[in-house]
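Please keep the sequence and the structure at hand while reading.

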Amino acid sequence: MWDEKKPEDEIEHEAASPKATPAEPAGEVAESATEDIDWQTRCQKAEERAEQNLNGWRRAQADFENYRRRAEAERRSFLAYANQELVLKLLPVLDNLERALATDRGSSGDGLRQGVELIARQFREVLAGAGVVPIEAMGKPFDPLYHEALMQAEDAEAEDDTVLQEFERGYMMGDRVIRPSKVKVSRRPE
């Protein structure tokens with residue numbers, strides 16, 4: 001019985017099939033399963049942490065975008081109303097100008113002149129309160145940082161490049177020229 005020969009295809013089939021390995025001891029199988037479960041748990045926890053981090057990042061991005069929008073809206077609002085205080089100071093000046101214009105036209109011009117002088121003084125006070133001061137030009141040496149020469153005139157008595165006439169007064173705000181004086185400048189006759 002034992003000597004019987006097997007058909008050749010059965011021999012090939014056995015050769016092609018993997019050889020059975022001896023059974024692993026029960027302790028090693030349990031350890032392997034425990035390690036697989038441990039790795040799965042660790043991977044699952046890592047994925048949960050990654051998801052939490054991603055959600056936190058998304059919330060931070062949304063918060064930053066909301067902050068940026070609020071800051072832009074506040075900036076626009078500030079720019080729109082930045083001159084409100086100056087305008088409130090100018091309104092009484094306008095009121096006085098309207099009162100001066102409403103004076104009885106048949107009366108002497110002295111009342112109108114006094115009203116206009118009062119208004120000019122109020123304007124100068126409001127501008128000074130805002131840090132705006134006039135640039136002194138008459139009789140001063142011409143300085144292109146503060147003056148804009150509209151014309152030159154020969155003058156034997158004045159030194160070269162001296163301001164002879166001021167057509168429009170210039171103003172500074174702090175240390176910045178906001179409008180240069182428009183002037184006539186002297187030159188020596190040739």
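## Overall composition

Of the 190 residues in the protein chain, 12% are buried. The model described here is predicted. The accessible surface of the chain comes to about 16000 Å², and carbon and sulfur atoms account for 53% of that surface.

The protein chain contains four helices and six strands. Along the sequence these elements follow the pattern α-α-α-α-β-β-β-β-β-β. Among the contacts with a separation of 6 or more, 59% are between residues 24 or more positions apart.

Strand β6 covers residues 181-187. Five of its seven residues are buried, so this strand is largely enclosed by the rest of the structure.

Which way do strands β2 and β6 run relative to each other, parallel or antiparallel? Strand β2 (residues 147-154) runs parallel to β6, and seven bridges join the two. Within this pairing, A149 stands opposite V183 in β6. Strand β3 (residues 163-168) is joined to β6 by four bridges, and these two strands run antiparallel. Here Q165 stands opposite K184 of β6. As a general point, side chains in a regular strand alternate between the two faces of the sheet.

One aromatic pair is counted in the model. F64 and Y67 form this pair, which is tilted, with 6.5 Å from centre to centre and 35 degrees between the planes. Both residues lie in helix α2 (residues 26-81), where they are three residues apart, about one turn of the helix.

How many salt bridges are counted? The count comes to nine salt bridges. Besides individual pairs, E65, R68 and R69 are linked in a network of salt bridges.

In helix α4 (residues 109-129), R121 and E125 are four residues apart, so about one helical turn lies between them. Their closest N and O atoms are 4.0 Å apart, and the two residues form a salt bridge. R121 counts as partly exposed, at 45% relative accessibility.

Another salt bridge joins the side chains of R179 and E168, at 3.7 Å from N to O. R179 lies in strand β5 (residues 176-179) and E168 in strand β3, so this pair ties together parts that are 11 residues apart in sequence. R179 is partly exposed, with a relative accessible area of 32%, and E168 is partly exposed at 30%.

Which residues make the nonpolar surface patch of about 510 Å²? The patch is made by V87, L88, L91, L94, L97 and L101.

L101 belongs to helix α3, which spans residues 84-101. This leucine counts as exposed because its relative accessibility is 57%, and the cut-off for exposed is over 50%.

Terms used:
Residues numbered from 1 in each chain as written. Predicted model: local features only at pLDDT ≥ 70, side-chain atom pairs only at ≥ 80, totals over all residues. Heavy atoms only, no water. Patch = residues over 30% accessible without salt bridge, like charges linked within 9 Å, V, L, I, M, F, W, Y side chains within 5 Å. Areas by Shrake-Rupley, 256 points an atom, 1.4 Å probe, with all protein chains shown as cover. Buried < 20%, exposed > 50% of the residue type's maximum accessible area, 1.4 Å probe, protein only. Contact = heavy atoms within 4.5 Å. Pairing = 2+ DSSP bridges. Phe/Tyr/Trp six-rings, centres within 6.5 Å; stacked < 30°, edge-to-face > 60°.
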